[in-house]
Amino acid sequence: MPTCSTKIHPAERYAREVVAGLKVCCEWEIKACQRYLKDLARQGADGFPYVFDESRAQRIIDWFEKCCRHPRGVLSGKLIKLNGSQIFDLSNIFGWVHKDTGRRRFKKAYDEEARGNAKSVKLSGVGLYGMCADCVYPPGHPELREYELMPEIDCVAVDKNQARKVWDAAVVMGKASPDIKKRLKFLRSKIEHKTRAGEMVPFSKDTDNKNGAAPCIFIIDEYHEHKTSAMYQVGESSMGKRSQCLMYIITTAGNNAENSPCKKEHDICCKILNGEIVQEDYFCMIRCLDKGDDPHDFNNLPKANPILHEMTDYSEILLQEIISEHDLAYGSGDPAKIREWLIKRCDLWQEGSNDKYMDGLMDKWHEAEVSPDEFAELTRGLSCLNGDDLSKRTDLTGQAFLFKLHDGRYALKAHGFIPESGVIRHEHSDRVPYRYYAKQGWCTITEGDVIDYDNLIDHAQDEEFTNGYKIIEWDIDAALATQLENNLQKQGYTVVEIRQNITTLSEPTKLFREMTIQGKLIHEKNELLDWCVSNAYQYTDANENIRLSKKNKDDSQRIDLLAAAINTMARLSELDDVVQDISDKILNEDFGF
């Protein structure tokens, strides 16, 4: 059973104060504290083989407060004094252990809070702890310590300079401590243990030979800056080679909420804290302003900046800096500065950027969503345009159906196609959940390595038969579809070539956005379509013509379903004419009475 004392542990005291509302905290931190208190009550029970070992928790606290010194800033050279939030986080991560083996409970830790709250310094100390003092022992029996031979600590970031920040701080911190310095050698590109070997190293996506690592602790710094989950995957694949591996992610919020792998991790942590996902070996902490909080009310700032809970020389300086940046951002009226302040100082994820196609309009887009049943009721028996963005046969292909409703609005439905090999590739590279999309009916996963475009014809004909649709024409990029065009014409369909140049596509691209703003376009619920819409950037030429693009040529963030919809927008007048012709015939029909 866990070690205990008559005195309440500082982590438990902090948690009780948070839950009681004695500290200004966001809903996610409150839920993390509730999770901790709930786990304390059931520790060691059947189905929950973990206990909170106060000796292990105290060991990491003592490590910081007796051995580690601030590497920079106003407190440079002074021993670190952990605040309540830091004690809570570290005590959880290092204090929860398996009741029988003594190995750590948490294999992953996600720590998200605003800039300036000493996250990197905390992880520098954690890295040094992994090199010098981390060990396994049965709960309550520190005399039976087992230290890891050849400890390996990896400090990972999006580039080499960022990767060295945690590592460089660890070097300064270690050299300033006699207890640490006597155990480690500080070399140009790594820190080595003098007797147990092993190393603490910085690396990034640019580092060679990343595979084959066997880290005790894998530190990912500022995960929001990572465009893909490649480094996360490196860490995840290297887990399990040590007796108690730990992946420790630190970050602030980011500027690309729709596509960031970090935001996906953030969302997973929210589900864990909500109890929607049960993941007992993942510690999650998110500190941010709550939805609806006034960012101009500085009393809310401690929610994202836990250092402000306790007023010290440093926290006073931090508060004044945050207020100064606020006044400059909002005083200038510059959206980029305001967005940056909300991200870095309030830890609020932001959607879009200045050249995003739907920048600031995603809420409007989501408001226009209708359920499949409602969409079917609105469009049953109507004529429509079929648009197709064929892309490469090895990746995502988009198909869209555009209708004009009886009330004058337009309705959009879309579907994707991707070969099995493409799904496997994306699952490993960027965690795009194509299997989930397919399960929901938003895309079709085809067999093999390439898409047979006859799948598009089969799907469209199924829609015609099931819902009574009448496809009046197929709007496609014929440069990629000679065989498809021939097959369609043999089956009696009208095929129209939509040239994929800025002159042809500028007006329909603008029209799609205008109709969204005006509430004239509704769409069937489809998260794959939502994802494509959110991924789109726009290129603008000297004549203010626009066309869609991905952010980068080789970007895995696809836009194909949106591009298919734009192809139908290019022929909107034809749809209007057909619908009007049908209406005129109905009005002029002689019913004989």
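What share of the 593 residues in the protein chain is buried? Buried residues make up 55% of them, where buried means under 20% relative accessible area, exposed over 50% and partly exposed in between (1.4 Å probe, protein chains only).

1. Basis. This is a predicted model, in which local features need pLDDT of at least 70, side-chain atom pairs count only at pLDDT 80 or more, and totals for chains, interfaces and linings use all residues. Residues are numbered from 1 along each chain as its sequence is written, and side-chain values use heavy atoms, with hydrogens and water left out.

2. Confidence. pLDDT is the predictor's confidence in each residue, from 0 to 100. Its mean over the protein chain is 88, and 92% of the residues reach 70 or more. Where pLDDT is low, the predicted coordinates should not be read in detail.

3. Overall make-up. The protein chain has 21 helices and 22 strands. Helices (H or I, at least four residues) and strands (E, at least two) are DSSP runs, numbered from the N terminus. Taken along the principal axes, the C-alpha atoms fill a box of roughly 100 × 50 × 50 Å. Of the contacts with a separation of 6 or more, 71% are between residues 24 or more positions apart.

4. The eight-stranded sheet. An open sheet of 8 strands has the order β7-β8-β9-β6-β10-β11-β3-β12, with mixed pairing. Strands β7 (184–186) and β12 stand at the edges with a single partner strand each, so one side of each has no neighbour in the sheet. From one strand to the next, the twist averages 15°. Two strands pair if DSSP finds at least two bridges between them. Strand β3 (residues 108–112) pairs with strand β11 (residues 246–251) in the parallel sense over 5 bridges, and Asp 111 has Ile 250 in β11 as its bridge partner.

5. Helices on the sheet. Helix α8 (residues 230–238) lies across β3, β6 (152–157), β9 (197–204), β10 (217–221) and β11, and runs at about 170° to β10. Helix α9 (residues 261–274) lies across β3, β11 and β12, at about 105° to β12. Axes are lines fitted to C-alpha atoms, for helices over the stretch in contact, and angles run from 0 to 180 degrees between N-to-C directions.

6. Strand β15 and its partners. Of the 8 residues of strand β15 (residues 397–404), 7 are buried, so the strand is largely enclosed by the rest of the structure. Strand β14 (residues 383–389) pairs with β15 in the antiparallel sense over 6 bridges, with Asp 388 opposite Gln 399 in β15. Strand β16 (residues 410–419) also runs antiparallel to β15 and is joined to β15 by 8 bridges; here Thr 397 stands opposite Phe 417. The two strands β15 and β16 form a hairpin with 5 residues between them, and Gly 408 in the turn has a positive phi of about 95°.

7. Positive phi outside glycine. Met 150 has a phi near 50°, a positive value in a residue other than glycine. Met 150 lies in the loop between β5 (146–147) and β6 and counts as exposed at 52% relative accessibility. Glu 222, also not a glycine, has a positive phi of about 50°. Glu 222 is placed in the loop between β10 and α8 and counts as buried at 15% relative accessibility.

8. Phe 52. This residue is in strand β1 (residues 50–52) and counts as buried, at 3% relative accessibility. From Phe 52 to Tyr 137 the distance is 13 Å, C-alpha to C-alpha, across 85 residues of sequence.

9. A pocket. Which residues lie nearest the centre of the second largest pocket? They are Gly 116, Asn 117, Ala 118, Ile 307 and Tyr 314, out of 40 lining residues. Elements giving two or more residues to this lining are α3 (54–67), α4 (84–95), α5 (119–132), α6 (160–175), α10 (313–332) and α11 (335–346). On a 1 Å grid over the protein atoms alone, a pocket is an open set of points where a 1.4 Å probe fits, with protein on both sides within 12 Å along at least five of seven lines; lining residues have an atom within 4 Å of a point.

How values were computed: Contact = heavy atoms within 4.5 Å.
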